[in-house]
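Colleague: Hi! Could you walk me through this model when you have a minute?
Modeller: Happy to, let me bring it up.

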Amino acid sequence: MGIFGAARGARREDKELGTGVWRRAHDRYGRGLDRFHQVLEGIEDDDLYNALVMIADHLADLQGRVRAVCVAAQTLSPSATEDIPFRLNPVHRALSKAANDLAMAAQSAAIARLDGERWGYASAGLENVARRADVVAGGIEEAERQLAAATSAEAP
């Protein structure tokens, strides 16, 4: 993508996500996902790598849902500041928690990698990483529920 394509993409992002809390919530999830993928770099054990990639793919699939929530929230309560719109506070809280849980999943993946490389695949503790990923998905589902509740409360 050239310089003009990047500028168009940035304008589109600003239009859909704004420059405030919803943009930050979206970007925070993306940074957590990047952190998770960084853990995968250089893993030599194929079984460990493949297991963590499956979890990473699941978390990456959730990013579209995070974006959809953030775009809808920006439409309902546009934000260009750090102030969280009161009526969408539960949505923002759920998105923040999901991003925190994603960071903890990345940390669990790093620990699983170290344990797997030291003591073998069976000792990696991949169930902890999968459990953390499930918590991330639950947080996104909660954000979607809270957004739906705020939207239905808005309707006459």
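Modeller: One term before we start: a residue is buried if its relative accessible area is under 20%, exposed if over 50%, and partly exposed in between. Keep in mind too that this is a predicted model.

Colleague: Thanks. So what percentage of the residues in the chain is buried?
Modeller: Of the 156 residues in the chain, 41% are buried.

Colleague: And what about the surface, how much of the accessible area belongs to carbon and sulfur atoms?
Modeller: Carbon and sulfur atoms hold 54% of an accessible surface of about 8,800 Å².

Colleague: How many helices and strands are there?
Modeller: There are five helices and zero strands, so along the sequence you simply read α-α-α-α-α.

Colleague: What share of the contacts with a separation of 6 or more comes from residues 24 or more positions apart?
Modeller: Those residues account for 80% of such contacts in the chain.

Colleague: Let's talk charges. How many salt bridges does the structure hold?
Modeller: Six. One of them pairs the side chains of Glu16 and Arg67, with 2.3 Å from N to O. This pair links distant parts of the chain, 51 residues apart: Glu16 sits in helix α1 (residues 3-17) and Arg67 in helix α3 (residues 46-76).

Colleague: Is Arg67 buried or exposed?
Modeller: Arg67 has a relative accessible area of 17%, which means that it counts as buried.

Colleague: Which salt bridge does Arg23 form?
Modeller: Arg23 pairs with Asp27, and their closest N and O atoms are 3.3 Å apart.

Colleague: Why can those two side chains face each other?
Modeller: An α-helix has 3.6 residues a turn, so residues three or four places apart point the same way. Arg23 and Asp27 are four residues apart in helix α2 (residues 21-40), which puts about one helical turn between them. Arg23 is buried at 19% relative accessibility, while Asp27 is partly exposed at 30%.

Colleague: What about Lys97, where does that one lie?
Modeller: Lys97 lies in helix α4 (residues 89-119), along with Asp101, four residues and about one turn of the helix apart. Their side chains meet in a salt bridge with an N to O distance of 2.9 Å. Asp101 is buried, with a relative accessible area of 5%, whereas Lys97 is partly exposed at 46%.

Colleague: Changing topic: is Ala109 buried or exposed?
Modeller: Ala109 is buried, and its relative accessible area is 0%. This residue also belongs to helix α4.

Colleague: Which residues is Ala109 in contact with, leaving aside neighbours within four places in sequence?
Modeller: They are Phe36, Val39, Leu52 and Val129.

Colleague: Last thing, α3. How many residues does it have, and what does it reach from its first C-alpha to its last?
Modeller: Helix α3 has 31 residues and reaches 45 Å, close to the 45 Å expected at 1.5 Å a residue.

Colleague: What does Asp45 do at the start of α3?
Modeller: A side-chain oxygen of Asp45 comes to within 2.9 Å of the backbone nitrogen of Asp47 there.

Colleague: Great, thanks for the tour!

Definitions and conventions:
Residues are numbered from 1 along each chain as its sequence is written. This is a predicted model: local features need pLDDT of at least 70, side-chain atom pairs count only at pLDDT 80 or more; totals for chains, interfaces and linings use all residues. Side-chain values use heavy atoms; hydrogens and water are left out. Buried means under 20% relative accessible area, exposed over 50%, partly exposed in between (1.4 Å probe, protein chains only). Contact means heavy atoms within 4.5 Å. Accessible areas come from the Shrake-Rupley method with a 1.4 Å probe; for residues, only the protein chains shown count as cover. A salt bridge is a side-chain nitrogen of Lys or Arg within 4 Å of a carboxyl oxygen of Asp or Glu. The expected span of a helix is 1.5 Å times one less than its number of residues. A polar contact is a pair of N or O atoms within 3.5 Å; within protein, one must be able to donate a hydrogen and the other to accept it, and residues adjacent in sequence count only if both atoms are side-chain atoms.
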